[in-house]
Structures are given as structure tokens and as C-alpha cells.
Amino acid sequence: MRGKPSHQVAFVAAWGLRLLLARWMGEGLPFISFLPMLFVLAWWGGLWPTLYATLLSVLVLDYAILEPTGSFSISHPEYRVGLGVFAAI
């Protein structure tokens with residue numbers, strides 16, 4: 001993967017877009033920028049960059065976006081299911 005950092009660029013772009021969208025849309029759509037990023041990355045980057053970006057996305061979603069932030073616990077049951085479906089996709 002040397003010379004082809006597609007997963008890092010895609011991941012940072014999705015996180016940045018998510019932070020921008022949260023200002024207008026609130027916290028109700030936590031996966032809105034990460035799902036399309038993974039689909040595009042799967043098409044363009046292949047399997048391993050997509051798996052790496054999925055792992056990074058799950059960790060960031062769990063720790064920094066889903067409530068309570070700053071913790072790896074998830075308070076809303078629908079977000080637990082959503083994160084599981086997100087990782088499985």
C-alpha cells in the first residue's frame with residue numbers, strides 16, 4: 001500500500017465531512033459520510049484499504065462521535081445495532 005494512501009485520505013475526508021454536516025444536521029446521522037466513503041473506497045482502493053478504513057471508522061465512530069463521546073461504550077441501543085451493521089457492510 002505504499003504510495004497509495006487511499007484509505008487514509010478517504011477516512012480523513014469522511015470524518016471531516018461528518019464534522020461539517022453535524023453542525024447543520026445535528027448528531028442524528030452518525031454514519032452519513034462514512035458509508036459512502038467505504039463504498040467508493042471498495043470500488044477504487046480494493047479490499048485491504050477498505051478493511052483498514054472500516055476499522056478506523058468503527059473506532060472513531062465509537063469513541064468520538066457516538067454518545068457518550070470519549071468512551072468506547074455506546075449509550076443508545078440503535079447506535080449499537082447501527083455500528084454493527086455498518087461494520088458488517
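Mentor: Let's take confidence, then helix packing, then the core and the loops.

Trainee: Okay. What average pLDDT does the protein chain have?
Mentor: This is a predicted model, and the protein chain averages a pLDDT of 84. Of the residues, 93% score at least 70.

Trainee: Which elements have the lowest and highest mean pLDDT?
Mentor: Helix α1, residues 6–25, has the lowest, at 80. Helix α4, residues 77–88, has the highest, at 91.

Trainee: Why should I care about a low score?
Mentor: Where pLDDT is low, the predicted coordinates should not be read in detail.

Trainee: Got it. Helices next. How do the axes of α3 and α4 cross?
Mentor: The axes of α3, residues 47–65, and α4 cross at roughly 170°. They come within 10 Å.

Trainee: Roughly parallel or roughly antiparallel?
Mentor: Roughly antiparallel, because the angle is over 145 degrees.

Trainee: Which residues in α3 and α4 meet?
Mentor: From α3, Thr 54, Ser 57, Val 58, Leu 61 and Asp 62 take part. They meet Leu 83, Phe 86 and Ala 87 in α4.

Trainee: How do the residues of that contact divide into nonpolar, polar and charged?
Mentor: Five are nonpolar, two are polar and one is charged.

Trainee: Now the core. How many residues are in the largest nonpolar core?
Mentor: There are 18. Phe 34, Met 37, Leu 61, Leu 83 and Phe 86 touch the most other members.

Trainee: Which helices supply this core?
Mentor: α1, α2, α3 and α4 each supply at least two residues. The largest share, five residues, comes from α3.

Trainee: What does Phe 34 touch?
Mentor: Leaving out residues up to four places away in sequence, Phe 34 touches Phe 11, Ala 14, Trp 15, Arg 18, Ser 57, Leu 61, Ile 65 and Phe 86.

Trainee: On to the loops. Where does Pro 68 lie?
Mentor: Pro 68 is in the loop between α3 and α4. A cis peptide bond joins Glu 67 and Pro 68, with omega about -5°.

Trainee: And where is Glu 27?
Mentor: Glu 27 sits in the loop between α1 and α2.

Trainee: What's the relative accessible area of Glu 27?
Mentor: It is 42%, so Glu 27 is partly exposed.

Trainee: Which residues does Glu 27 touch?
Mentor: Not counting residues up to four places away in sequence, Glu 27 touches Arg 18, Ala 22, Ile 65 and Tyr 79.

Trainee: Last one. How far apart are Glu 27 and Tyr 52?
Mentor: Glu 27 and Tyr 52 are 25 residues apart in sequence. In space they are 25 Å apart, C-alpha to C-alpha.

Key
Residues are numbered from 1 along each chain as its sequence is written. This is a predicted model: local features need pLDDT of at least 70, side-chain atom pairs count only at pLDDT 80 or more; totals for chains, interfaces and linings use all residues. Side-chain values use heavy atoms; hydrogens and water are left out. pLDDT is the predictor's confidence in each residue, from 0 to 100. Helices (H or I, at least four residues) and strands (E, at least two) are DSSP runs, numbered from the N terminus. Axes are lines fitted to C-alpha atoms, for helices over the stretch in contact, and angles run from 0 to 180 degrees between N-to-C directions. Angles under 35 degrees count as roughly parallel, over 145 as roughly antiparallel, 65 to 115 as roughly perpendicular and the rest as oblique. Contact means heavy atoms within 4.5 Å. Ala, Val, Leu, Ile, Met, Phe, Trp, Tyr, Cys and Pro count as nonpolar, Asp, Glu, Lys and Arg as charged, and the others, Gly among them, as polar. A nonpolar core is a set of buried Ala, Val, Leu, Ile, Met, Phe, Trp, Tyr and Cys residues joined through side-chain atoms within 4.5 Å. Buried means under 20% relative accessible area, exposed over 50%, partly exposed in between (1.4 Å probe, protein chains only).
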